[in-house]
Amino acid sequence: MFVLQRMASTTGLLLHPPLVRPISPNVSTPRFLLAVATQFAGNRDKSLFHRKKANEFSTSIAVATDSSAPSIPTQNEDLVDTHKEESEKIVLPTNESSEKLLRIRHSCAHVMAMAVQKLFPDAKVTIGPWIENGFYYDFDMEPLGDKDLKKIKKEMERIISRNLPLVREEVSRDEAQRRIEAINEPYKMEILESIKEDPITIYHIGNEWWDLCAGPHVESTGKINKRAVELETVAGAYWRGDEKNPMLQRIYGTAWETEEQLKAYLHFKEEAKRRDHRRLGKDLDLFSIQDDAGGGLVFWHPKGAVVRSIIEDLWKKLHRERGYDLLYTPHVAKAALWKTSGHSDFYSENMYNQMDVEDELYQLRPMNCPYHILFYKRRLTSYQDFPIRVAELGTVYRYELSGSLHGLFRVRGFTQDDAHIFCLDDQIKDEIRGVLDLTEELLLQFGFNKFEVNLSTRPPKSVGNDEIWEKATCALKDALSDKGWGYQIDEGGGAFYGPKIDIKIEDALGRKWQCSTIQVDFNLPQRFDITYVNSNSEKKRPIMIHRAVLGSLERFFGILIENYAGDFPLWLSPIQVRVLPVTDAQLPYCKEVTEKLRAIGVRAEVCQGERLPKLIRNAETQKIPLMAVVGAKEVETRTVTVRSRFGGEIGTITVDDFAGRIKFASENRTPF
């Protein structure tokens, strides 16, 4: 992690390197991390958290993670925090930094399952791993409610207070099968069949309950601090994630080493809830997902569309300045195209069904890459034409299970900020460096100055020869070094078709969001047989680089909403000014002021029909940055009295001065 900070007195950037040594590049996930929840005053954001992404897994059952979700806030060794107004810190360990915490969470899952079966004897158990913030367990049973959770929690506390030992036992496969049959646990039998190693390990809680498990656990239930455990929610989950299987009851819980850690975590959860983009999207009328149209399909409302337009305009401007040609390509294509690209063979589960059009099969696009390749192939290319850079805000469609859809973060139709670069081998480094510069410039515009960079290298199974892999990987490393960015190496974590760079941004709560990806591709140029003519009039294969900076507009908009808690900065706010009359007598002048502001590009509106205090409260609730109050005196003097959402009353100024200050603040990304 490093921080890019713009200084007030200069347009330059200062790069803050790690304060201490970074994580060893040879360490693979899960990484050893440290979480710090920092509370500080004097800032609109009530808490700041920093975290490092960790891949969570159970020793026996893997837990799938949602790539659309942010990683939990933690403080890593190579994080530089530029906030100065910090006070007391509460250290939040992670499963990777504290084996004690991992054992507590895993044991809590078992204690919870024991409690459930004591209270609901007919409940059948399935799996119960530890996860990033706690644990869960899936049960085949009748639906549970909040009252049931309270009963389960009380029973857990009784089990913990009894200080029952957790004992590991090794048994033969036949003995494990006999015991499972004796207690009639069909899901455990299926799990047993999936375990390939012998002997089979079982963990007992006293002599009263047991489960198939590889561990680890605490020595006894008394090692769990019952005041640091909380049951959070109940959700439906299909067995093995397959909608054809039974729907189970999944109980989520969180567990920590101390009560103080639990309180800090719950405080973070409340702050995250306050910032939830789904709630704010509805409250601020930014977007919606209409059931009548279908899940995962986003309706951008006028205010949200304004923000999207600002993002798109800035994106296009910066790309044109950096030598990209902008494209618009179709949303569907012949099914044969997706066969050539390999998507039909390797990505079909994420694609929608084919449609018959005049006896030919067509399919909605899940990606933009093949279209850009067809654009490249439209004519013969010379080595002198490189590099060729094409970019598109292209809408794609990918099938997602309804249960996995999540606001703007996991949808079925979204617009990627896609671009592809075709270049020569010896141009890779400079092109990657150019993408890094563009990424930095664009993300800084939106206030993101803390990045985590990962470089993923060649996996065991891959296409392309050793020489080109080595050359491409070295080019990525050299570009990052030239840029002065620290990075971690994920050995063998690259795609089968080329090495890549992933960049995560950190939001106001310290959560990491995967946004930017830079991917070298040796596969598609070969599949589509794209070539160029070199200086010897020979046909050669160019290098292809995929890259996205924001990821998707929908997801990035969701990140922006949560980062700012809906309080967009003045330049990005869908409504910058609300003009408020003291009485209806001032309406004509208010409309005149509004028209004058709109004429120079200020997003302004008039609001009426309530008493002034109510109008002001409504504007603040809608998070309007500026209010221009107009009474009889303002009409007479041709002025407005300006009120800021956060600064209170600023004073009375002329309309021209008001408009000029808004314009300056918007263009320079500064407060009013």
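This is a predicted model: local features need pLDDT of at least 70, side-chain atom pairs count only at pLDDT 80 or more; totals for chains, interfaces and linings use all residues.
Arg 638 is located in the loop that runs between α17 (632–637) and β32 (639–644). Its backbone also deserves attention: phi of Arg 638 is near 55°, a positive value in a residue other than glycine.

Asn 163 is not a glycine, yet it has a positive phi of about 55°. The loop that holds Asn 163 lies between α2 (146–161) and β9 (166–171). With a relative accessible area of 42%, Asn 163 is partly exposed.

Pro 216 belongs to the loop between β11 (209–212) and β12 (229–238). A cis peptide bond also joins Phe 386 and Pro 387, again with omega of about 0°. Here the proline, Pro 387, is placed in the loop between α10 (369–376) and β20 (388–397).

From loops the reader may now turn to a helix. Helix α3 comprises residues 173–183, and its buried residues are Ala 176, Arg 179 and Ile 180. How are these buried residues arranged when α3 is seen down its axis? They fall within an arc of 100°, so they line one face of the helix. The face of α3 that is turned away from this buried side carries the exposed residues Asp 174 and Ala 182. The two sets of residues can be located on the structure by viewing α3 along its axis.

Which residues form a negative surface patch? The patch consists of Asp 425, Asp 426, Asp 430 and Glu 467. One of these residues, Asp 426, lies in the loop between β21 (413–423) and α11 (428–445). Asp 426 has 60% relative accessibility and so counts as exposed, because the label applies to values over 50%.

Methods. Residues are numbered from 1 along each chain as its sequence is written. Side-chain values use heavy atoms; hydrogens and water are left out. Patches are made of residues with over 30% relative accessible area and no salt bridge: like charges are joined within 9 Å, nonpolar side chains (Val, Leu, Ile, Met, Phe, Trp, Tyr) within 5 Å. Accessible areas come from the Shrake-Rupley method with a 1.4 Å probe; for residues, only the protein chains shown count as cover. A salt bridge is a side-chain nitrogen of Lys or Arg within 4 Å of a carboxyl oxygen of Asp or Glu. Lys and Arg count as positive and Asp and Glu as negative; His and the chain ends are not counted. The place of a charge is taken as NZ of Lys, CZ of Arg, CG of Asp or CD of Glu. Helices (H or I, at least four residues) and strands (E, at least two) are DSSP runs, numbered from the N terminus. Buried means under 20% relative accessible area, exposed over 50%, partly exposed in between (1.4 Å probe, protein chains only). The arc is that of the directions from the helix axis to the C-beta atoms.
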